[in-house]
Amino acid sequence: MKMMSVIAVTPKEGAVDEITSLIIQSREDGVEGLNVYSIVHTREEQLLVINEWSSIDAFMNYVNGPHNMIELIEHLCVRLDEENVCKAYSGAIIHQEIPN
């Protein structure tokens, strides 16, 4: 079963592009088990990183691995939502759009 995870951060003023760039660079060579990820800039001035994993095992391997995305962007954030860093959503995907 596919799995979703969400990380929410509140960037410092003017840091949205830098955070986005750092996340993209950190995933340039791919992350095992990560099928799709999206970075969403909300109206509340938060950035959400929404990840779609091939399985819960792939997600757990990622969480327990040497990945350091949070450490990479922490200095550019006013707040990290620690609860969301650890929160994962698992279940069937009921709608997905893939751009052409």
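Colleague: In which strand is Leu 48 found?

Modeller: This is a predicted model, in which local features need pLDDT of at least 70, side-chain atom pairs count only at pLDDT 80 or more, and totals for chains, interfaces and linings use all residues. Residues are numbered from 1 along each chain as its sequence is written, and side-chain values use heavy atoms, with hydrogens and water left out. Helices (H or I, at least four residues) and strands (E, at least two) are DSSP runs, numbered from the N terminus. Leu 48 is found in strand E3.

Colleague: In what order do the elements of the chain run from the N terminus on?

Modeller: The chain has 4 helices and 5 strands. Read from the N terminus on, these elements follow the order β-α-β-β-α-α-β-α-β.

Colleague: Over how many bridges do E1 and E3 pair?

Modeller: Strands count as paired if DSSP finds at least two bridges between them. Within the pairing of E1 (residues 3-11) with E3 (residues 47-53), Val 6 has Ile 50 as its bridge partner, and Val 9 stands opposite Leu 47. The two strands pair in the antiparallel sense, and the number of bridges is 7.

Colleague: Which residue in the hairpin of E2 and E3 takes a positive phi?

Modeller: Strands E2 and E3 run antiparallel and are joined by 7 bridges, with Tyr 37 standing opposite Asn 51 of E3. Their hairpin has 5 residues between the strands. The residue there with a positive phi, near 65 degrees, is Glu 45.

Colleague: How many residues of E1 are buried?

Modeller: For E3, its pairing partner, 6 of the 7 residues are buried. E1 is likewise largely enclosed by the rest of the structure, because the number of its residues that are buried, out of 9, is 8.

Colleague: What distance separates the C-alpha atoms of Leu 48 and Val 6?

Modeller: With residues up to four places away set aside, Leu 48 touches Val 6, Ile 7, Ala 8, Ser 38, Ile 39, Val 40 and Thr 42. Leu 48 and Val 6 are 42 residues apart along the chain, while the separation of their C-alpha atoms is 6.6 Å.

Colleague: Within what arc do the buried residues of H2 fall, seen down its axis?

Modeller: In H2, Ala 58, Phe 59 and Tyr 62 are buried. They line one face of the helix, because the arc in which they fall (that of the directions from the helix axis to the C-beta atoms) is 100 degrees. On the other side of H2 the exposed residues are Asp 57 and Asn 61, and the arc of the buried ones is again 100 degrees.

Colleague: Are the rings of Trp 53 and Tyr 62 stacked, edge-to-face or tilted?

Modeller: Rings of Phe, Tyr and Trp (its six-membered ring) pair if their centres lie within 6.5 Å, with planes under 30 degrees apart counted as stacked, over 60 as edge-to-face and the rest as tilted. By this rule there are 2 aromatic pairs, and Trp 53, Phe 59 and Tyr 62 form one aromatic cluster. Trp 53 is buried with a relative accessible area of 0%, and Tyr 62 is buried at 13%. The ring centres of Trp 53 and Tyr 62 are 4.6 Å apart and their planes stand at 45 degrees, so the pair is tilted.

Methods:
Buried < 20%, exposed > 50% of the residue type's maximum accessible area, 1.4 Å probe, protein only. Contact = heavy atoms within 4.5 Å.
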